[in-house]
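Biologist: I have a structure to read. Please walk me through its core and its rings.

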Amino acid sequence: NLYVVCFTENLLPSERKKLLNKQKKAKRKELEKANAIAAAQEKREQHNKARQQTNNQDNDTDTPQQDELIPDKLAKTEEPLEQAVKFLSPLQLLAKDRIETHLMAFEIYFRRQKPLLMLQSVKRAWALDPKNPTLHTCLIRLALFIEQMKGAEGDVHPAVWEVLKSGLEPIMGSKPALELNASYLKENASHLPALLCGYKMLYLLDPSKQSECVYYYS
């Protein structure tokens with residue numbers, strides 16, 4: 001603001017330099033704090049998964065219960081997302097070079113509403129194949145999720161916002177989701193899988209475009 005500008009202009013060069021260094025240091029601390037939050041969150045989830053796995057092993061018996069081998073029961077679970085994370089962890093370790101691993105991770109974290117882990121997943125996928133059509137749908141949905149988060153901005157740590165912003169900017173730039181999707185459709189006008197994903201996202205972003213999207217689907 002005007003007061004800050006006037007204040008800094010009246011400072012000596014050495015004082016102004018100290019002030020700028022102090023501001024940079026404060027911002028760096030905020031980023032470090034947000035990264036620590038994300039790391040702690042992931043570590044806590046890994047710990048919970050390991051503890052649950054240990055408990056399950058302790059409860060195992062040499063002779064399985066008869067109903068354990070019933071396919072319908074094995075296919076059902078009261079905690080599908082928790083079970084999905086169990087399958088995800090070894091994939092992230094052993095198949096980290098496959099984009100499908102990170103796309104699946106995004107789907108799990110999206111349903112668990114974990115924005116920092118969503119960001120982690122799309123960044124890893126982007127490093128493998130930035131033009132992947134499914135990755136595009138993940139980016140658009142993450143952008144929308146962040147927009148919805150802004151309504152509850154007071155409940156979100158400022159450092160988390162900073163990490164999300166700095167993490168997505170190299171991928172999405174400063175374009176809003178609708179503009180990014182329009183550019184994607186234009187750049188991939190002759191690529192059918194990309195068009196399919198692009199028009200799915202167009203309908204998500206603007207339901208009034210339903211007729212246009214249906215036309216391209218058909």
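Biologist: Is Phe106 buried or exposed?

Modeller: Some ground rules come before that. This is a predicted model: local features need pLDDT of at least 70, side-chain atom pairs count only at pLDDT 80 or more, and totals for chains, interfaces and linings use all residues. Residues are numbered from 1 along each chain as its sequence is written, and side-chain values use heavy atoms, without hydrogens and water. Buried means under 20% relative accessible area, exposed over 50%, partly exposed in between (1.4 Å probe, protein chains only). Phe106 has 1% relative accessibility, so Phe106 is buried.

Biologist: What is the relative accessible area of Phe110?

Modeller: The value is 24%, so Phe110 is partly exposed.

Biologist: Why does the pair Phe106 and Phe110 count as stacked?

Modeller: Rings of Phe, Tyr and Trp (its six-membered ring) pair if their centres lie within 6.5 Å; planes under 30 degrees apart are stacked, over 60 edge-to-face, the rest tilted. Here the centres are 5.6 Å apart and the planes at 25 degrees, so Phe106 and Phe110 are stacked. Ring pairs also link Phe106, Phe110 and Phe145 into a cluster.

Biologist: Which residue lies over the face of Phe110?

Modeller: A charge sits over a ring if NZ of Lys or CZ of Arg is within 6 Å of the ring centre and within 35 degrees of the ring normal. Arg141 does this, at 5.1 Å from the ring centre of Phe110.

Biologist: How many residues has the largest nonpolar core?

Modeller: Such a core joins buried Ala, Val, Leu, Ile, Met, Phe, Trp, Tyr and Cys residues through side-chain atoms within 4.5 Å. The largest has 37 residues, and Val122 and Met172 are among those with the most contacts inside it.
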